[in-house]
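Please look through the sequence and the model below before reading on. The paragraphs after them are meant to be followed with the structure open.

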Amino acid sequence: MTRFFLLRHGETEWNRDGNKYCGRTDVSLSEQGIKQAEASAKALKHVKFHAVFSSTLVRASATAAIISKEFGLPVIEDQRLVEIDFGKWEGKTVQMIEREHKDSWTDWLTNPAECFAGETGESASQVYNRIQSFFEEVSKTYPDKNALVVAHNTVNRIAATQWFGLPFSHYRKIKMDNTGVSIIEYYGKGKASIIQWNSILHLL
């Protein structure tokens, strides 16, 4: 078993500006996002981490870098942790997507396992397969260890649907705030126990 401390990155200007879909767009942390990462570092300082991982996108890697300073560990960036490719929805709010891409949005909400986000992006199945590959590999490399992982809202929630035993279409019912801390005990082959989900006590 490997214990993963899974976080969403800190706030970006796009999150603040109507919660625009960032996806693969490489948006930096806002001032508030930096403060959230610093608060996370203080909240987690008592944990003995053996490795720190992040998405290659700067909003995640910057969050991880701020937190990892507390432990003196390097940040290992992994492409499998990047946010879902939102295709034509990048940079748009949900309200804009519902108005401009009504049919593809409806298809996505109904069957994200097979439909592609933003018409030209990824399916939930594709996202899950790559993040599942990451958890499998790290759990074999760090058995009985603690690993910090900083990734993204949709990627994390799609993975969580499977840990909760839910269909992919339920992912939007799972809440994940910027730097919300979740703890997962991962046993391999997709088997996991969720110890804590989306704790934001460090932000209050």
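What follows goes from the sheet to the helices and then to the aromatic rings.

This is a predicted model, in which local features need pLDDT of at least 70 and side-chain atom pairs count only at pLDDT 80 or more, while totals for chains, interfaces and linings use all residues. Residues are numbered from 1 along each chain as its sequence is written, and side-chain values use heavy atoms, with hydrogens and water left out.

Six strands form an open sheet in the order E3-E2-E4-E1-E5-E6, with mixed pairing; helices (H or I, at least four residues) and strands (E, at least two) are DSSP runs numbered from the N terminus, and two strands pair if DSSP finds at least two bridges between them. Strand E3 (75-77) and strand E6 (191-199) stand at the edges with a single partner strand each, so one side of each has no neighbour in the sheet. Strand E1 (residues 2-8) and strand E5 (residues 181-188) run antiparallel and are joined by six bridges, and the bridge partner of Leu6 in E5 is Ser182.

Helix H2 (residues 31-44) has 14 residues and reaches 20 Å from its first C-alpha to its last, close to the 20 Å expected at 1.5 Å a residue, where the expected span is 1.5 Å times one less than the number of residues.

A search of the whole structure finds 16 aromatic pairs; rings of Phe, Tyr and Trp (its six-membered ring) pair if their centres lie within 6.5 Å, and planes under 30 degrees apart count as stacked, over 60 as edge-to-face and the rest as tilted. The rings of Phe53 and Tyr142 have centres 6.1 Å apart and planes at 80 degrees, so this pair is edge-to-face. The pair links distant parts of the chain, with Phe53 in strand E2 and Tyr142 in the loop between H6 and E4, 89 residues apart. Phe53 is buried, at a relative accessible area of 6%, whereas Tyr142 is partly exposed, at 22%. Both rings belong to one aromatic cluster, formed by Phe4, Phe53, Phe134, Phe135, Tyr142, Trp163 and Tyr186.

Technical notes: Buried means under 20% relative accessible area, exposed over 50%, partly exposed in between (1.4 Å probe, protein chains only).
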